[in-house]
Each structure stands twice: as structure tokens, then as C-alpha cells.
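Please read the following note with the sequence and the model side by side.

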Amino acid sequence: MNSLTVFTEFLLMDVPGSQELQVLQEVEFAFLVVTSFDCCVVICHPLHYRVMITLNLSSQATAGSWASGLLYSAVHTGCMFRLPFTKINVIQQYFCDVPQILRISSSDIQFSEFVIIARYTHGEKVDIYNATTLTQFILIRLSDLPKVHYSLFVAFASIFQVTLVGNGAILLAIKTEAKLHTPMYFFLANLSLLDIFCPSTTVPKMLPNLLTEDHSISFVGCALQLYFLVALAGTEVFLLAVMAYDQYVAICFALCYSVIITKAHCAQLVSETWAAGFLDSTIHTMSTFSLYFCKSNLVNQYYCDIPPVVALSCSSTYVTEMLVLVVGGISGFICFLITLISYVYIISTILKIQSEEGKCKTFSTCASHLLVVCLFYGTVIFTYIQPSSIRHSPARDRLISMLFGVITQCSTWSSTA
């Protein structure tokens with residue numbers, strides 16, 4: 001790269017008027033969704049319009065539209081201008097836009113195209129000059145012993161089906177039973193959704209790998225798998241903290257519970273947990289796949305995750321590792337602290353109850369959630385918080401990841417059922 005000339009400016013062309021300028025930008029897309037919802041409420045629920053569409057909600061929707069548009073643009077801009085431009089500096093357009101800038105890049109633009117594929121669908125191919133850039137990854141099996149592959153396939157297929165059926169049954173029960181339409185079960189329904197989606201990102205790819213010799217996954221497929229896995233795991237971290245807070249209010253402030261935890265408050269908390277989880281994943285996925293991969297393409301895991309993918313990079317991984325440590329570490333620590341403090345107050349309140357029956361009854365309401373928290377944080381700590389100076393067994397890492405990705409979700413619904 002030392003002999004290449006990096007451009008510091010671009011030349012814009014005088015393009016005829018037949019070129020169509022895109023008017024709708026990211027913020028306007030978000031506003032269209034908001035205004036469509038507003039029209040729906042006006043027409044379908046006119047009597048409840050002033051109750052549903054308040055000034056506070058309007059302000060939040062407007063701010064969310066601007067924020068999402070700016071974030072969307074920041075992601076695309078970051079994807080484009082991390083690329084080296086060493087060919088020509090003439091842009092075939094009278095303004096700077098994504099497709100035209102990508103065409104003059106001298107490196108692999110696969111990930112940048114993947115990020116903007118929802119917006120730009122020109123289908124045009126751009127020459128790739130870096131011949132060593134990876135286009136696919138190879139996932140390893142859970143076990144190197146061929147004799148146990150069929151047994152593992154049957155075992156994990158059964159666990160996966162039980163997880164889907166069990167969490168689906170919880171969702172169906174909460175949906176159909178009016179007595180369960182409470183904040184606690186609303187949070188539990190979201191937890192069941194996460195426990196359905198999370199193993200669904202890894203198990204369907206893992207099962208065929210046990211029986212076939214083709215263990216490859218495309219670059220985009222790996223990025224998508226990592227994105228949804230980190231997003232769902234992050235959402236579950238935030239949701240467990242919210243559920244701990246809900247248990248704290250229910251036990252420590254039982255008389256004020258219905259005033260503090262309202263339906264609107266529940267919906268806001270849940271939407272914020274999902275948004276925070278996917279925003280967190282966007283940061284980590286962008287950081288991970290902006291690296292250059294020119295070493296081995298063998299991922300030392302049966303699914304794409306941040307540590308094994310980053311280990312394959314031939315460029316500096318300092319920023320990516322710091323993002324995992326700072327962004328993931330701080331958000332995870334805050335959620336863990338909220339959960340811990342909530343349960344300190346919960347246990348303290350339970351111990352003050354005079355009757356043994358009252359203690360047992362109160363503790364039983366939060367025991368299942370406490371078990372889920374211990375299982376989840378235990379596997380996450382062993383998976384992601386490992387000192388780099390300690391050499392870990394790959395087999396043990398795969399076992400812990402298996403507990404995190406499959407067994408924990410199965411135990412969640414069984415403990416809450």
C-alpha cells in the first residue's frame with residue numbers, strides 16, 4: 001500500500017438531467033412511517049386520537065426519525081470512506097453519492113454493498129483488486145469425532161424443537177389467557193421471543209454441518225449471523241435488567257406497582273431494549289467486518305461470533321477490541337449492576353417478611369428469573385470475558401458457546417413455565 005497514491009479530492013462530472021436525483025432521504029423515510037401511523041390512528045381510532053397521539057409521543061417520534069436517519073447515514077458514510085481510493089478520482093455524477101463513490105474504490109467493497117443493499121439495488125459489479133480478500137468462511141464442527149456427529153445432530157435437533165415448542169406455548173398462553181395480560185408476562189413474552197430467535201440464528205446452520213462436508217458460510221451470511229446473534233443477545237441483557245427492575249417494584253413497592261409499571265411504560269421499556277440491542281450490534285458488526293481478512297478463513301467456532309472472526313483479521317484489531325470492551329462492557333456492566341442491586345433489595349425485603357409461607361411465596365415469584373439471569377450471565381462471562389494472556393481450549397470454548405446459544409434458551413422456558 002505504500003506505493004499507491006491516495007486521493008485527497010474528487011472531480012464531479014457535468015451529468016445530463018436524465019440522471020434522477022433521489023429526493024427521499026433517510027429521515028424522510030422514517031417520517032413517512034410516523035405519518036402513516038398517525039393517519040391510521042386518525043382514521044381507525046378517531047375518538048382515541050388525542051389519548052394515543054400525545055405531544056410527548058409526537059416529540060419522541062420526531063426525534064427518533066431524525067436520530068435514525070442520521071445514524072443510518074453515519075453507517076453508510078463510515079462504510080464508504082474507510083475504503084482506499086487509488087484508481088481515478090472522477091465521480092460519474094454531479095454530486096457525491098454512494099454508488100458512484102463505490103465504483104472508484106480500489107479495494108473489496110462487498111461489505112459496503114451488503115450494508116447498503118436495502119437501499120441500492122443496481123446490481124452492478126465493481127472490480128475487486130484485492131485478490132487475497134476472503135469471500136467466505138469455514139465453520140468448524142462441534143466435535144472432531146465422526147462417530148458422535150449423528151448423536152449430536154439428534155440431540156441438538158431435539159433441544160431446538162423443544163425450545164421452539166416450549167417458548168411458543170408460553171407465547172400462546174400469554175396471548176390467549178386474559179389473566180396473563182400483565183406487565184410481568186408482557187416482559188416474559190418478549191423473553192420467549194428472544195429465546196426463539198437466538199438459537200434460530202445458529203442451530204439451522206450448525207445441524208447440516210454435522211452431517212455434510214461443506215461447512216462454508218458466505219461473507220454476507222457470516223455478517224448477518226453475527227449481527228442478529230449479537231443484537232438478540234444484547235437485547236436479552238437489557239431485557240433481563242428491565243425484568244429485574246419489574247420484580248423489584250412488584251416486591252418492594254407492591255401497593256404502587258400498578259401506578260409505576262403502566263402499559264405505556266412497559267411498551268416504552270421493551271422498545272428501548274430492542275432498539276439498544278440492535279444499535280449495539282450495528283456498532284460491533286460494522287467494526288468487525290470493516291477489518292481486512294487475508295489469513296485463514298477457518299472460524300474456530302460453529303457459528304460466526306466476534307472473537308473468532310476478529311482473530312482471522314490481518315489488520316489491527318485494536319479499535320474493534322476496544323469497542324467490545326468499552327461499548328459492550330459498559331452497557332453489560334450497567335445492566336448487570338441494575339439486576340444485582342434490584343435483587344439485593346428484593347432479597348432484603350423478602351427476609352423482612354415474618355411468615356415462612358410468605359417468604360417462600362414471594363421468593364418463588366422471582367426464583368425463575370434469578371435462575372435465568374445466573375445461566376445467562378455465567379455463559380456470557382465465560383464466552384466473552386477472557387484474559388488474552390490465558391490460553392483456552394477450543395473444545396471448551398465451543399462447549400461454553402453451545403451452552404450459551406442452545407441450552408440456556410431451552411432452560412429459560414422450562415424454568416418459567
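**Notes on helix packing and cysteines**

1. Helix α7 (residues 183-200) and α11 pack at an angle of about 20°, and their axes lie 10 Å apart; axes here are lines fitted to C-alpha atoms, for helices over the stretch in contact, and angles run from 0 to 180 degrees between N-to-C directions. Because angles under 35 degrees count as roughly parallel (over 145 as roughly antiparallel, 65 to 115 as roughly perpendicular and the rest as oblique), α7 is roughly parallel to α11. Helices are DSSP runs of H or I with at least four residues, strands are runs of E with at least two, and both are numbered from the N terminus.

2. This is a predicted model, in which local features need pLDDT of at least 70 and side-chain atom pairs count only at pLDDT 80 or more, while totals for chains, interfaces and linings use all residues. Residues are numbered from 1 along each chain as its sequence is written, and side-chain values use heavy atoms, with hydrogens and water left out.

3. Which residues make the contact of α7 with α11? On the α7 side they are P183, F186, F187, N190, L194 and F197, and on the α11 side C266, A267, L269, V270 and W274, where contact means heavy atoms within 4.5 Å. By class, these residues divide into 10 nonpolar, 1 polar and no charged; Ala, Val, Leu, Ile, Met, Phe, Trp, Tyr, Cys and Pro count as nonpolar, Asp, Glu, Lys and Arg as charged, and the others, Gly among them, as polar.

4. The axes of α9 and helix α11 (residues 263-289) come within 7 Å and cross at roughly 145°. In the contact of α9 with α11 there are 18 nonpolar and 10 polar residues, but no charged ones.

5. The structure holds 1 disulfide, a term for a pair of cysteine sulfur atoms within 2.5 Å. This disulfide joins C222 to C304, with an S to S distance of 2.0 Å. It links distant parts of the chain, 82 residues apart, with C222 in helix α9 (residues 219-252) and C304 in the loop between β5 (298-299) and α12 (306-310). The angle about the S-S bond is -120°, and the link of C222 and C304 is left-handed.

6. Are the cysteines buried or exposed? C222 is buried at a relative accessible area of 0%, and C304 is likewise buried at 0%, since buried means under 20% relative accessible area, exposed over 50%, and partly exposed in between (1.4 Å probe, protein chains only). C256, at 39%, is partly exposed, whereas C360 counts as exposed at 52%.
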